Amino acid sequence: MSDAFDGVVLEARHIVKNYGGTRALKGVNFQIRKGTVTTLFGENGAGKSTLMKILSGVEQPTSGEIVLEGEPVSFSSTTDARDRGISIIHQELSLAPNLSVRDNIFLGREIPGPVGVDYAEETRQTRALLEELQLPIEPDTIVSDLRVGQQQIIEIARALSVNARILIMDEPTSALAAAEVQVLFGIIRDLLARGVAIVYISHHLEEALEVTDHAVVLRDGAMTARGERQDIDLDWIVRNMVGDDFDLGSPPTGHELGDVALSVRGLRVLDPENPERAIVDGLSLDVRRGEIVCLYGLMGSGRTELLEAIAGRGEIAGGTVALDGERLTTETIAERIERGIGLVPEDRQRDGLVQTMSVGQNLTLASLRDCLVRGVLSPRREKRLAQRMVTDVTVKTAGPDVPIGSLSGGNQQKVVIGKVLATSPRVMLLDEPSRGIDVGAKGEVFRLLASHAAEGLTVVYSTSEVGECLSIAHRIVVLRRGRISAEFGADATKEMIMAASGEAVAA
Ligand SMILES: Nc1ncnc2c1ncn2[C@@H]1O[C@H](COP(=O)(O)OP(=O)(O)OP(=O)(O)O)[C@@H](O)[C@H]1O
Ligand SMILES: [Mg+2]
């Protein structure tokens, strides 16, 4: 075993972390080696982010020891850890939305000039990073004007800018398109060649396997398995994460589809950055009661804009949307929720959750009307609804009263889904809802959607994972440059779907 410890730059010993009564880590031992990628797998709430927060100075362990190149250390802050060469890409975006890209990258470690900050130098370095990451935007762009995926790339740029010896990546690709992931993987290979040690966390298991050297599995706050790349595969990961009997399922059969519930005709949405161009370009789509349609397409194919237009967010430049044969015109988002249209948005932090509220308050926020008794909010009803949704979407939480911020990333995403389901929608629109959700929970969400569909719910599910389409959809609609480029039934193959999207299909 001794040579397995060769090149260990950082070692965590017997790390315990308690949050009040929750024991998030139960004495974990973990090593990071120079010039290699250690991937960390585990279900939602297993303790992955907690361990990484401890290694990067965000949190302090309740007990245990961190040893950096043979020397015991303790980090009092992220700045402290960063000064020792440890950098982290957070699972939840942590950028300041009102600042520019450049100011975010250098926040807290501005480059001093002869008078004040050397903005010219910061701009130059920012531009170089953006180029390396192949993101064609200006350093002085305000972060809130960027798409989620672009913001995630800025998050990566910031972590790279410190030239760390140890780089921790907690779900770095959850909002990235396939091509952007490949750019990141190229950068990872360069970093490895320079001897950087990397920790990589992702629920996109195939993707994570691509970069793995060593894999480690956390389960309920304890390390339960480890393996070298040549000894592991997808089955090994899933088996160790969630146990043997696991299946993402197949599209629901056995219920009759009803009449057309959602009808989109000639819909046009213009690109806010370039009004000459239509992001959704005269698109028509009918979805029937009880039907589950997957929208598949590359980033920028118009999936998000289509769903947002149906939900009443953003301007429509032309075309119509009808629900059960009735045309929706001026209805606001709230009115459309009332009419039965629910959207699980792409960006849960910005649109999905109120961070200052509890799990229960977030779950019932959009359906308080159902909790009224003679016009007065009934705390009992509210509590009952919250409790039911916690169970339905399998949120791992101590109870509905805990703050939403104390949930793991994947469990927060489940709350966003539960919040929309609680409104008892007739049409449910989901925009990349499985981001950050573990394979087991994904199966649960699919079963839940299927059972609601059997009772008449219409589902439009946008995804960039082909496997998801094949596991849940009655019909797969492929979008390409704002138009429908192909439609398939449940018997399609991955290759057919990817080819129709314009994506290169691996040989
Ligand atoms: N600030 C906090 N207060 C209370 N409990 C917390 C806090 N942060 C995390 N926890 C709890 O610690 C446990 C581990 O959470 P953690 O975020 O590490 O999970 P994770 O493995 O990263 O999951 P995911 O895959 O969903 O991101 C969970 O039970 C979570 O609710
Ligand atoms: Mg996490």
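Helices (H or I, at least four residues) and strands (E, at least two) are DSSP runs, numbered from the N terminus. This is a predicted model, in which local features need pLDDT of at least 70 and side-chain atom pairs count only at pLDDT 80 or more, while totals for chains, interfaces and linings use all residues. Residues are numbered from 1 along each chain as its sequence is written, and side-chain values use heavy atoms, with hydrogens and water left out.

**View 1. Aspartate 220 in a loop between two strands.** The loop joins strand S9 (214–219) and strand S10 (222–228). Aspartate 220 has a positive phi of about 50 degrees, yet is not a glycine. Most residues other than glycine have a negative phi. Aspartate 220 is partly exposed, at 48% relative accessible area. (Buried means under 20%, exposed over 50%, partly exposed in between; 1.4 Å probe, protein chains only.)

**View 2. Asparagine 163 in the loop between H5 and strand S7 (166–170).** Phi is positive here too, near 50 degrees, in a residue other than glycine. Asparagine 163 is exposed, with a relative accessible area of 61%.

**View 3. Glutamate 155 in helix H5 (residues 148–160).** Glutamate 155 is buried, with a relative accessible area of 1%. Its side chain makes a polar contact with the side chain of serine 94, at 2.8 Å. (A polar contact is a pair of N or O atoms within 3.5 Å; within protein, one must be able to donate a hydrogen and the other to accept it, and residues adjacent in sequence count only if both atoms are side-chain atoms.) Leaving aside residues up to four places away in sequence, glutamate 155 touches Ile89, His90, Glu92, Leu93, Ser94 and Leu95 (contact means heavy atoms within 4.5 Å).

How values were computed: Chains are lettered from A and ligands numbered from 1 in the order in which they are written.
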